[in-house]
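I opened this one to see what its side chains are up to.

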Amino acid sequence: MTQSEVLNTALQYLLDKGAEEAYSYLKSNFGRCDEPYSSQIYSLRCCLAVQSGNADEALCIMNEAVIEKELWFRPEFFDDEVLAPVWKSEIYKQCRHKSDRLYTEARQKAKTFCTWDRVRANRIMVALHGNGQSVSDSKAVWQFAEELGWQTEYIQSKEPDSVGKFRWEDNSSAPYQIEAICGNIGWHDYDERALAGYGSGCNVILRTLNGGMLECEKIILVSPYIPMLDTQADSLYRSLVSSGSELMVICCKGDSVSGSYASRLVKGAMEKGIPVKFIEAEGSGVPKNLAQQVKPYIE
């Protein structure tokens with residue numbers, strides 16, 4: 001069982017059965033992952049412990065993560081009102097102080113990263129991760145494209161989300177980072193180009209395409225989180241019409257937020273005559289049969 005699977009299941013428990021059931025599930029399955037535990041899972045454990053009336057356990061979890069293992073949390077985690085019952089604790093204050101220092105150091109060191117090193121095919125797909133992910137997570141999702149003749153490369157944000165994981169802020173400079181990277185890798189030298197994203201990576205892709213900063217033939221968006229639609233939908237559609245891009249949008253039935261964004265995007269694209277294929281998959285997160293769904297679109 002992967003850490004992502006445990007996290008997604010715990011969050012589904014939280015939605016369907018409440019904090020106590022989610023916390024019980026997380027406690028029972030915490031030791032079942034082979035990979036080192038990230039601050040993501042520790043932060044969820046802390047919040048669920050408090051919500052379940054176990055403030056002392058929450059402080060022990062926080063102490064283990066920050067003081068013992070030197071993991072860190074983003075500052076807004078400590079401001080979450082869910083944690084209000086432990087705000088006056090000395091352990092909380094010590095953890096916050098150390099975590100803030102570690103987070104600041106991580107921000108200073110982080111840089112945008114791309115896996116590209118040379119031309120290996122005549123078609124290129126560049127994939128962007130979602131919040132709380134990394135290049136490794138993207139590779140696990142999109143590596144099937146290599147077997148279909150696409151040189152598949154990955155971009156990792158410079159915005160840290162937790163130790164070893166990254167995020168894309170809604171209004172950050174990410175589109176300029178993507179434009180610069182694609183310029184450096186000879187984006188226009190390839191015969192065919194695709195941009196693929198998961199979650200918040202989809203928002204970055206559409207922000208980059210908006211206004212003609214970058215062009216590509218195929219756009220694949222999975223479980224899209226795209227708040228840019230709230231303010232830039234009209235200009236986005238104009239850019240997509242102008243570039244002649246084709247859209248593929250995949251959303252799982254269990255994802256209410258991304259489902260709403262996906263429906264709005266698909267409806268708007270269809271109204272503007274933009275080629276778009278929409279697939280509603282089972283489950284939540286990344287569909288397990290993603291490769292089979294995408295293959296006919298990119299072969």
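**Rings**

I looked up Y225 to start with: it is partly exposed, with a relative accessible area of 28%. I keep in mind that this is a predicted model.

How far apart are the ring centres of Y225 and Y261, and at what angle are their planes? I get 5.8 Å and 85 degrees, so I log the pair as edge-to-face. Y225 sits in the loop between β7 (218–222) and α10 (229–243), while Y261 belongs to helix α11 (residues 256–271), so the pair ties together parts that are 36 residues apart in sequence.

My search gave eight aromatic pairs. Another of interest is W142 with F144: centres 6.1 Å apart, planes at 35 degrees, so this one goes down as tilted. The cut-off for edge-to-face is over 60 degrees, and under 30 would be stacked. W142 is buried, with a relative accessible area of 1%, and F144 is buried too, at 12%.

I also noted a cluster: F73, F77, F78 and Y92 are linked by ring pairs.

**Charges over rings**

Next I checked for charges sitting on ring faces. K17 lies over the face of Y13, 4.4 Å from the ring centre. Y13 is in helix α1 (residues 3–17) and is partly exposed, with 25% relative accessible area. Leaving out residues up to four places away in sequence, I find Y13 touching G18, E21, A22 and Y25. I also took a C-alpha distance from Y13 to N54, 41 residues apart along the chain, and got 18 Å.

K218 gives me another case: its charged end sits over the ring of Y297, 4.6 Å from the centre.

**Salt bridges**

How many salt bridges are there in the whole structure? The search finds 22. I went through a few.

- R193 and E217 form one, with the closest N and O atoms 2.7 Å apart. R193 lies in strand β6 and E217 in the loop between α9 and β7, so the pair ties together parts 24 residues apart in sequence. R193 counts as buried at 10% relative accessibility, whereas E217 is partly exposed at 27%.
- K267 and E271 meet at 2.7 Å, N to O. Both lie in helix α11, four residues apart, which is about one turn of the helix. K267 is exposed, with a relative accessible area of 52%, and E271 is exposed as well, at 56%.
- D117 bridges to R118, with the closest N and O atoms 3.4 Å apart. I have D117 as exposed at 52% and R118 as partly exposed at 47%.

I also picked out a network of salt bridges that links R74, E76, D161, R167 and E169.

**A buried arginine**

R207 made me stop. R207 lies in helix α9 (residues 200–209). Beyond its neighbours within four places in sequence, I list its contacts as E169, D170, N171, S172, P175, M213 and M228. E169 is one of the residues in the network I noted above.

**The sheet**

Last, I traced the strands. Seven of them form an open sheet in the order β1-β3-β2-β6-β7-β8-β9, with mixed pairing. The edge strands, each pairing on one side only, are β1 (113–114) and β9 (276–281).

Is strand β2 (residues 123–128) mostly covered or uncovered? Covered: six of its six residues are buried. R123, M125 and A127 point one way from β2, I124, V126 and L128 the other way, and all are buried.

I then wrote down the neighbours of β2. Six bridges join β2 to strand β6 (residues 192–198), running parallel, and V126 stands opposite L195 in β6. Five bridges join β2 to strand β3 (residues 151–156), also parallel, and L128 has I155 in β3 as its bridge partner. From β6 I moved on to β7: five bridges join the two, which run parallel, and G197 stands opposite L221 in β7.

Terms used
Residues are numbered from 1 along each chain as its sequence is written. This is a predicted model: local features need pLDDT of at least 70, side-chain atom pairs count only at pLDDT 80 or more; totals for chains, interfaces and linings use all residues. Side-chain values use heavy atoms; hydrogens and water are left out. Rings of Phe, Tyr and Trp (its six-membered ring) pair if their centres lie within 6.5 Å; planes under 30 degrees apart count as stacked, over 60 as edge-to-face and the rest as tilted. Buried means under 20% relative accessible area, exposed over 50%, partly exposed in between (1.4 Å probe, protein chains only). A charge sits over a ring if NZ of Lys or CZ of Arg is within 6 Å of the ring centre and within 35 degrees of the ring normal. Contact means heavy atoms within 4.5 Å. Two strands pair if DSSP finds at least two bridges between them. A salt bridge is a side-chain nitrogen of Lys or Arg within 4 Å of a carboxyl oxygen of Asp or Glu.
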